[in-house]
Amino acid sequence: MRAVILAGGKGTRLRPYTTVLPKPLMPLGDRPILELILHQLASAGFHHADLSVGHLGGLIRAYLTESKVLEGELEIGYIYEDEPLGTAGALKLIDPVPEEPFLVMNGDILTTLDYAELMGFHQRERPALTIASHQKEVQLSLGVIETAGGDNEVRGFVEKPTLHYEVSMGIYVYDPVALEHIPDGRFDFPDVVLALLGAGERVLTYPFGGEWFDIGTRDEHERAMVEFDAHGGLFAPSEEG
């Protein structure tokens, strides 16, 4: 199995840390999040991972080369973005072009998701794209006025409701056919979804209810560190592989 890890973002929401450190090298415990992800992928049966790098990408390659932590476990390749290509544009640079479904994920995800099971689901269903999803609750701090039509009549009032959404985890499985809908240059993941739906291709979700942290902000990074320190074994690769 093959994976692509998107590790080229500037991580602006994690500044000032990311002015000197690429976001995938932000620590969890005594290891960078990227190292943990790569070990999880190797344990799940992946044999190759391409890292799409841009901002401070040289530090990522230097760390993985010097530490040799994945030597013999996972073959690492690099996709260099000379200019930002968005969350999907870099996939056009994969060499060689994948002939089988492949995993794509952000390089700042902490989760207990079983990547092998996700790939198995996609292989059975064979959509153009599978999106790992998670239920997210959003608590509004304001009262919501319910109206109908344009007559300003109030039909109801809900005080500080909790909204429920199915959100993307930043982890996907692409079928090779999906690459045909990605143009050269900058292209983002929402554009991929809309292009596939517009072309009549199947897009499925893979709901997951376990642990998941998208470490894109300082608050989420701190939450992830607390959880990792308390239950780090949950995120460790299985011994069976």
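## A tour from core to surface

Helices (H or I, at least four residues) and strands (E, at least two) are DSSP runs, numbered from the N terminus. This is a predicted model, in which local features need pLDDT of at least 70, side-chain atom pairs count only at pLDDT 80 or more, and totals for chains, interfaces and linings use all residues. Residues are numbered from 1 along each chain as its sequence is written, and side-chain values use heavy atoms, with hydrogens and water left out.

Color by burial. Of the 241 residues in the protein chain, 44% are buried. Buried means under 20% relative accessible area, exposed over 50%, and partly exposed in between (1.4 Å probe, protein chains only). Now look at contacts (heavy atoms within 4.5 Å). Among those in the protein chain with a separation of 6 or more, 76% join residues 24 or more positions apart.

**Stop 1: the cores.** Select Leu-38, Leu-51, Leu-103, Leu-110, Leu-113 and Ile-171. These have the most contacts inside the largest nonpolar core, which has 42 residues. Such a core is a set of buried Ala, Val, Leu, Ile, Met, Phe, Trp, Tyr and Cys residues joined through side-chain atoms within 4.5 Å. Helix α1 (residues 33–43) gives the largest share of this core, 7 residues. A second, separate core holds 23 residues, including Val-4, Ile-79, Ala-90 and Tyr-174.

Center on Leu-103. Leaving out residues up to four places away in sequence, Leu-103 touches residues including Val-4, Leu-41, Phe-46, Leu-118, Met-119 and Ile-171.

**Stop 2: helix α3.** Select residues 115–125. Tyr-115, Leu-118, Met-119, Phe-121 and His-122 are buried here. Look down the axis of α3: the buried residues fall within an arc of 155°, so they line one face of the helix. The arc is that of the directions from the helix axis to the C-beta atoms. The cover over the buried residues of α3 includes α1, β6, β7, β8 (129–139), β11 (162–174) and β12 (203–207).

**Stop 3: two buried loop residues.** Go to Pro-24, in the loop between β1 (2–7) and β2 (27–28). Pro-24 is buried at a relative accessible area of 4%.

Next, pick Asp-108, in the loop between β6 (102–106) and β7 (109–111). Asp-108 is also buried, with a relative accessible area of 4%. Beyond residues up to four places away in sequence, its contacts include Lys-23, Ile-33, Phe-213 and Asp-214.

**Stop 4: salt bridges.** The structure holds 5 of them. Each is a side-chain nitrogen of Lys or Arg within 4 Å of a carboxyl oxygen of Asp or Glu. Show Arg-202 and Glu-125, whose closest N and O atoms are 3.9 Å apart. Arg-202 lies in the loop between α5 (189–198) and β12 and Glu-125 in helix α3, so the pair ties together parts that are 77 residues apart in sequence. Then show Asp-188 with Arg-186, bridged at 3.8 Å, N to O. Arg-186 is exposed at 52% relative accessible area, while Asp-188 is partly exposed at 23%.

Stop 5: Finish on Ile-145, in strand β9 (residues 144–147). Ile-145 is exposed, with a relative accessible area of 52%.
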